[in-house]
Amino acid sequence: MSVSDTLEVGPGCPSGLEPAADAGVIDPAPFVRRLRDGAAQLELSIYGAKCGGCISKIEGGLSKLPGVENARLNLSTGKLAVSWRGEIIKPRDIAQTISDLGYRAAPFDPQAAEREQDEEGKFLLRCMAVAGFAMANVMLLSVAVWAGLDGEMGPGTRMMMHWISGTIAIPAALFAGRPFFRSAWSALKNGKANMDVPISLAVFLALGISIYETLNHGRHAYFDAAVMLLFFLLIGRWLDHRLRARAREAAQSLLALQATTASRFTANGLLEAVSAKDIAPGDRLLLSPGDRAPVNGVVESGASEVDVSLVTGESAPEKMNAGDTLYSGVLNLSSRLIMRATARAEDSLIADLTRLIETGEQGKSKYVRLADRAAALYVPVVHTLALATLLGWLFIGDATLRVAVMNAVAVLIITCPCALGLAAPAVQVVATGRLFKEGVLVKSGDALERLAEVDAIVFDKTGTLTLGRMRLANLDDISHEILMQAASLARASRHPLARAVVAAAGAGQLAEDVHDAPGYGVEGVIDGEKARFGRADWVGVKSDGANAASEAWFKRGDDAAVRFEFADSLRTDTAETIAALQSEGVVSEMLTGDRPAPAARIAERAGLSAWRANMTPTDKIARLTALRDKGVKAAMVGDGLNDAPALAAAHASLSPGTAADASQAAADFVFQGDSLAPVLTAFEVSKKARARVLENFKFAAFYNICAIPLAVFGFVTPLIAALAMSGSSVIVIANALRLKTGNASS
Amino acid sequence: MSALLYLIPIALFMGGLGLAAFIWTVKSGQYDDMEGAARRILLDDDEDEDPPLEHR
C-alpha cells in the first residue's frame with residue numbers, strides 16, 4: 001500500500017480500529033521549538049493512530065508539505081515529531097493536515113517531552129544486558145570447573161578459571177546490581193528493609209566469599225550465582241517497569257489535554273494563537289465550530305449548539321446564546337461564538353477535574369501489590385534463617401568461621417527471590433498481552449490485581465451501557481431517496497442528529513448552497529428546490545416539542561415533511577454481560593447524571609435493579625466511598641469527563657475507547673468496540689492472572705521449603721544453586737505462559 | 001589445555017561484541033517504539049517518490 005493509496009481511502013485509521021476524529025484544528029504555534037540550525041520542531045500527541053497504515057498516512061501526508069524535513073510518528077506513545085525549514089508552512093497547516101487525514105492532534109509541552117525519555121527503562125536494559133553477558137560467559141567457565149571437579153582439572157587450571165570468572169563477574173555485578181543496591185540503601189537509610197536488601201547482601205557476600213575462596217585455592221566459587229541472580233531479577237524488574245511506564249504515559253496524556261491553544265482577540269481586533277495557560281480572565285476568545293472552550297467563560301456574542309457531554313455525560317447538545325456560561329472542555333458544534341474568559345486555565349473545569357483525578361490516583365497508589373505483600377513476609381524470614389545458619393554452624397556445629405559463612409551465604413543465595421521477583425510481572429505481562437489482543441488496553445500491572453478483587457461494578461449510563469451516540473431509529477419508515485436527500489444536507493452539519501443521518505446514509509454528495517442555521521437545522525437546494533432538515537417548527541410542522549432532542553424533520557419544496565426519529569441504543573450485549581457478571585458474584589449498579597425516567601428505562605432493559613439518577617461527579621465519588629466504607633470493592637465503568645474523578649477514585653476502572661481523553665487517562669483499562677463483553681473478559685482474565693500469581697508464589701514457597709534445609713546443612717554447591725535458581729525461574733515463567741492459551745473469553 | 005589461552009579470550013571478545021552491539025541499540029533508541037517498528041517493516045516506502053527521512 002503506497003502513501004498515495006492510503007490518502008485516497010477515507011479519513012482515520014485504515015484498520016478501522018478507531019473511528020476518524022472530527023474535532024477542530026488547534027493552532028500549535030506557541031509550542032514550536034526553534035532548533036539551533038534554524039529548523040523548527042513541533043511535537044504533537046496524535047490520537048487515533050493504531051496501525052501501520054496510520055504511520056505511512058501521517059508521515060507521508062506531512063512529508064508532502066513544502067519545507068517539511070522530517071516527520072516521525074512513535075506508534076507506541078502516539079508522539080509525532082515534525083521538523084521543517086522556512087516560513088512557507090505554518091504550524092496550523094500541520095495541524096490542519098493531520099485533521100484532514102482524520103486524526104486529532106494536541107500540542108505536547110516540550111518540557112514534558114524532555115522528561116518523556118525513558119531513562120530508567122534504558123538503564124535497566126543496559127544492566128540486564130551486562131548481567132546476561134556476564135552470566136553466559138561465567139557459566140561457560142563454571143560448567144568446565146564443575147565437570148572437572150573430580151580430578152580431571154588440575155588446581156592451577158581451576159584457579160585460572162576462577163580468576164577469569166571473577167574479573168568478569170565482579171565489575172559486571174557491581175554495574176548491573178546498581179538498581180538493587182540503590183533501592184536497598186535508601187530503604188536501609190529509612191530504617192526499613194525491602195526485598196532488595198537480601199538481594200544486595202547475597203550478591204556482595206557471594207562475591208566476597210568467592211574472592212576469598214579463590215585466593216585460598218578453594219574448590220567452590222559463587223561468581224556465576226551472583227550474576228545469574230542479578231540477570232533473572234533484572235528481567236522481572238524490567239517487565240515491571242514497562243507496565244508501570246505505560247500507566248505514567250497515560251497520566252501525561254492528561255496533561256497534554258490541558259496544553260491546548262485558543263484564538264484570542266488582541267486590543268486592535270486581530271486574532272492571535274495563544275496557549276490556554278496564558279489566557280487571563282477578561283480575554284475575548286473566538287470559538288469556531290469544532291473548537292473546545294479552553295477556559296470557563298460566558299458567551300459574549302453569537303448563538304450556537306454546544307456539546308456539553310464532557311460536563312454532563314449526556315449526548316444531546318445544548319443551545320447557547322449571549323450570556324450563557326461555558327465550561328472549559330465543551331465543544332462548539334455549529335457556528336462561531338465569541339466568548340469572554342472568566343477564569344484562568346488552572347481554575348477552570350478541566351483543571352478541577354484533573355485535581356479530583358489526582359486525588360483519586362493517590363488513593364490508588366496506597367494499594368499494596370501482591371508481590372510487595374509477599375516480600376514483606378519473606379524478607380525477615382530469610383534474614384533470620386541466614387543468621388541462624390551462621391550461628392548454628394559456629395556454636396552447635398562447631399565449624400570454622402569460613403564454613404559457617406559459606407553456608408549462611410548459600411542460604412541467602414538459594415532463597416533469593418528469583419522466582420518471587422518474576423512471579424507477578426511475568427504473569428501480568430502475559431495477561432496484558434492477551435487482553436490487548438481482545439481489544440482491552442491494560443494500563444498497569446496492579447490494575448489487574450485490583451480488578452480481580454472487585455465484588456461490585458458501577459456503570460455510567462450514556463456511552464457506557466449505551467453506545468452514547470444517536471442512531472436513526474425509524475430507518476425502515478424512510479425511503480432511500482428521502483434519506484439520501486436529507487443526508488446531502490446533513491453532511492454540512494456537526495450536529496449529532498445530522499451525523500446519525502450521514503452514518504445511516506453512508507458516503508454521498510453534498511447539496512448545493514447548504515448552510516447551517518444554528519439551533520434550527522440545515523438548509524440547502526436539492527434539484528432546484530429549497531429543502532430544510534431540522535427542528536419541527538423551523539421546517540414548518542406542528543409538533544408537541546417534547547421529543548425535540550430526539551427527532552428532526554425533512555421537507556423539500558412543497559412535499560410532505562418526513563419525520564426522522566433518533567435514539568441512543570444499548571450496547572447489544574449489555575444485559576448478557578451484566579447477567580454473566582452477576583453469576584460470577586459481581587453486583588452491578590448504574591449511576592447517571594440523567595433524569596430518573598430515561599434512567600429507569602435503560603436500567604430495566606439492561607437488567608439492573610440498582611440505579612441512581614441525577615448524580616453529579618461528586619455524588620458518584622460519594623457513592624463509591626459509601627460502598628468502600630461498607631467493605632465493598634467497587635469497579636467503575638464510565639466514559640464522560642464527568643466520570644473521570646469517579647474512575648480515578650474507584651478500586652479499579654474501565655472506560656470505552658470512545659470516552660473522553662481524561663476518562664481514558666484515569667481508567668485502568670480501555671476497551672474498544674461496540675460491545676460490553678470486554679468488561680467481563682477483563683474481569684475474568686484478571687481473576688485468572690491473580691490465580692497464576694498466587695500459584696507462582698506457592699511454588700516459590702514450596703521451592704524454598706525444599707531448598708533451605710539443603711543450604712542450612714551445607715549441601716548446596718554452586719552447581720546446585722545454579723540449577724535451582726534457573727529451574728525455578730523457568731517454571732514460574734512457564735506457568736505464566738499458560739494464561740496465554742486458557743479460554744477465559746468463553 | 002593450552003588451547004584455553006586463546007579460546008577463552010576469543011569467546012569473551014565475541015560475547016563482548018554482542019554486548020556492545022546491544023548497548024548501542026539501547027542508546028540509539030531502537031526500543032523506544034517497538035510497536036511502530038513491527039509495523040514499519042510492512043510499509044512499501046519505495047513506491048513513494050519522496051519517502052519520509054529516517055533521522056535516527
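The model is predicted. It scores ipTM 0.77 and pTM 0.73. Chain B has a mean pLDDT of 78. Of its residues, 77% reach 70 or more. Where pLDDT is low, the predicted coordinates should not be read in detail.

**The sheet in chain A**

Seven strands of chain A form an open sheet with mixed pairing. Their order is 15-27-26-25-16-23-24. Strand 15 (440-442) and strand 24 (611-612) of chain A are the edge strands, and each pairs on one side only.

Strand 16 (residues 456-459) of chain A pairs with strand 23 (residues 587-591) of chain A. The sense is parallel, and the pairing runs over four bridges. Here Ala456(A) stands opposite Val587(A).

**Helices on the sheet**

Two helices of chain A touch these strands, as the table sets out.

| Helix of chain A | Strands of chain A touched | Angle |
|---|---|---|
| Helix 15 (residues 445-452) | strand 15, strand 25 (634-637), strand 26 (652-656), strand 27 (669-671) | about 105° with strand 26 |

**Where the chains meet**

The contact takes 26 residues from chain B and 29 residues from chain A. On the chain B side, helix 1 (4-27) and helix 2 (34-40) each supply at least two residues. Helix 1 of chain B gives the largest share, eight residues. By class, the side of chain B that touches chain A has 14 nonpolar, three polar and nine charged residues.

Definitions and conventions
Residues numbered from 1 in each chain as written. Chains lettered and ligands numbered in written order. Predicted model: local features only at pLDDT ≥ 70, side-chain atom pairs only at ≥ 80, totals over all residues. pLDDT = per-residue confidence, 0-100. Pairing = 2+ DSSP bridges. Contact = placed C-beta atoms within 7 Å. Axes fitted to C-alpha atoms, helices over the stretch in contact; angles between N-to-C directions. Nonpolar A, V, L, I, M, F, W, Y, C, P; charged D, E, K, R; others polar.
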